[in-house]
Amino acid sequence: MNNSVYLYGASGHAKVIIEILKSQGMSVAGLFDDNPAINRLWDYEVRPFVGEAYDAPFIITIGNNRVRCHLAQRIYVAFTTAIHSKSIISPTANIGNGTVVMPGACINADAVIGKHCIVNTNCSIDHECRIEDYAHISPNATLCGNVTVGEGTHIGAGAVILPGITVGNWAVIGAGAVVTKPVASGTIVVGNPARVK
């Protein structure tokens with residue numbers, strides 16, 4: 001089994017993923033970025049991505065949901081997950097390839113997390129939640145049971161989504177918002193209770 005991972009994106013987000021890999025006894029096989037001005041991150045050389053054959057899977061280490069989605073659909077490589085050793089993952093949860101789980105995150109029974117998602121520090125995803133591809137659950141956000149979060153949606157830091165609520169695709173839930181009713185796709189909501197901005 002290959003115990004190394006290629007990272008695409010040399011930013012602060014990549015630093016977090018490097019530490020997650022280290023927590024699992026894994027290593028960085030290589031680091032890529034499209035910005036020619038970036039040639040190092042910590043002690044790692046950064047190279048442009050050229051699409052050759054690679055001997056290890058990838059994680060896209062870019063925080064922007066739309067950019068991550070675009071790259072995932074453009075590069076033809078195998079993807080894997082990065083799950084911090086100090087996260088809590090139910091054995092009945094399902095996590096898609098390309099997704100990263102930060103320290104302190106809790107994913108409970110029968111939750112389904114899609115591909116290329118960010119499950120950030122100390123967030124809570126309760127039983128039977130469904131998180132679609134490319135979504136980002138920010139630090140300290142709380143998703144109560146049976147919540148659905150649509151593709152590409154960003155749940156802000158410290159936001160709370162009440163049980164059974166559905167949030168549509170490519171929506172934004174502001175930091176600290178308390179979501180008490182469904183949120184339509186493409187909508188930005190803020191406040192307590194959350195209202196359309």
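Beyond its neighbours within four places in sequence, His13 is in contact (heavy atoms within 4.5 Å) with Thr61, Ile62, Gly63, Val100, Met102 and Ile118. The model is predicted; local features need pLDDT of at least 70, side-chain atom pairs count only at pLDDT 80 or more, and totals for chains, interfaces and linings use all residues. Residues are numbered from 1 along each chain as its sequence is written, and side-chain values use heavy atoms, with hydrogens and water left out.

His13 sits in helix 1. Helices (H or I, at least four residues) and strands (E, at least two) are DSSP runs, numbered from the N terminus. Helix 1 covers residues 12–23 and also holds Gly12. His13 is buried, with 14% relative accessibility. Gly12 is partly exposed, at a relative accessible area of 46%. Here buried means under 20% relative accessible area, exposed over 50%, and partly exposed in between (1.4 Å probe, protein chains only).

An unreviewed UniProt entry lists Ser11, Gly12, His13 and Gly63 under "binding site". These residues span 53 residues of sequence but cluster in space, with a largest C-alpha distance of 8.9 Å. UniProt positions follow the numbering used here, feature names are shortened, and annotations may be inferred rather than shown by experiment.

Elsewhere, 8 strands form an open sheet with mixed pairing, in the order 6-9-12-15-18-21-23-24. Two strands pair if DSSP finds at least two bridges between them. Strand 6 (82–83) and strand 24 (195–196) are the edges, each pairing on one side only. Strand 24 pairs with strand 23 (residues 188–190) in the antiparallel sense, over 2 bridges. Val190 has Arg195 of strand 24 as its bridge partner.
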